[in-house]
Amino acid sequence: MDLWVASFPAGLARKLVLATYWGSIEDFRKVNAEDPVFLGGAVVSGEGAAADLVRPTALTIYVAELDPMLPVKNRWRSDGDANITVRSKFWTTPPDEAHDYDGPLAGLRNAPAVLVYADLMASDNPRVRSVAPEWRSRIARPEQDR
């Protein structure tokens, strides 16, 4: 796992980037009622998924397909320093393994735990990287301890 996590930022993570924006991450808005983002098409990762460990200042989401109206509806801008990264979702989560997201972005699920760990470790922010070991210890526990 450690080798995959170490290679993730320079390899797969870069290839998956669909768009980057800056804007508010506290009020995530769906485009419409049938928006696939809220029907399981998007998941949150990185510090957004670890909101119980760190106050998120950036948002990383993985989407099956990027709706061009999503940044418009959320008033995200493509100029300036990005705090929002939208990446292509590259896995399929079985319905019985979905993880609910309980933070300020209600309606989004967490990405798989190993991917959240990789995104935490890939952060340029030392504050975010400092919570990665605690996140890792959570996923390293035997199933009966969770």
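Guide: Two strands are taken to pair if DSSP finds at least two bridges between them, and strands (E, at least two residues) and helices (H or I, at least four residues) are DSSP runs numbered from the N terminus. The model is predicted, so local features need pLDDT of at least 70 and side-chain atom pairs count only at pLDDT 80 or more, while totals for chains, interfaces and linings use all residues. Residues are numbered from 1 along each chain as its sequence is written, and side-chain values use heavy atoms, with hydrogens and water left out.

Visitor: In which sense do β2 and β3 pair, and over how many bridges?

Guide: Strand β2 (residues 42-45) and β3 pair in the antiparallel sense over four bridges, with serine 45 opposite threonine 60 in β3. With strand β4 (residues 84-88), β3 pairs in the parallel sense over five bridges, and here isoleucine 61 stands opposite valine 86.

Visitor: Are the two faces of β3 covered or uncovered?

Guide: Buried means under 20% relative accessible area, exposed means over 50%, and partly exposed lies in between (1.4 Å probe, protein chains only). In β3 (residues 59-63), five of its five residues are buried: Leu59, Ile61 and Val63 lie on one side, Thr60 and Tyr62 on the other.

Visitor: How should I read the aromatic pairs, and how many are there?

Guide: A pair of aromatic rings is described by the distance of the centres and the angle of the planes. Rings of Phe, Tyr and Trp (its six-membered ring) pair if their centres lie within 6.5 Å, and planes under 30 degrees apart count as stacked, over 60 as edge-to-face and the rest as tilted. By this rule the count comes to five aromatic pairs. Among them, the rings of tryptophan 4 and phenylalanine 8 have centres 5.1 Å apart and planes at 35°, so this pair is tilted.

Visitor: Which of those two residues is buried, and which is partly exposed?

Guide: Tryptophan 4 is partly exposed because its relative accessible area is 35%, whereas phenylalanine 8, at 1% relative accessibility, counts as buried.

Visitor: What kind of pair do phenylalanine 90 and tryptophan 91 form?

Guide: Their ring centres are 5.0 Å apart and their planes stand at 80°, so the pair of phenylalanine 90 and tryptophan 91 is edge-to-face. Phenylalanine 90 is partly exposed, with a relative accessible area of 38%, while tryptophan 91, with 17%, is buried. Ring pairs link Phe90 and Trp91 with Tyr62 into a cluster, and Tyr62 is one of the buried residues of β3.
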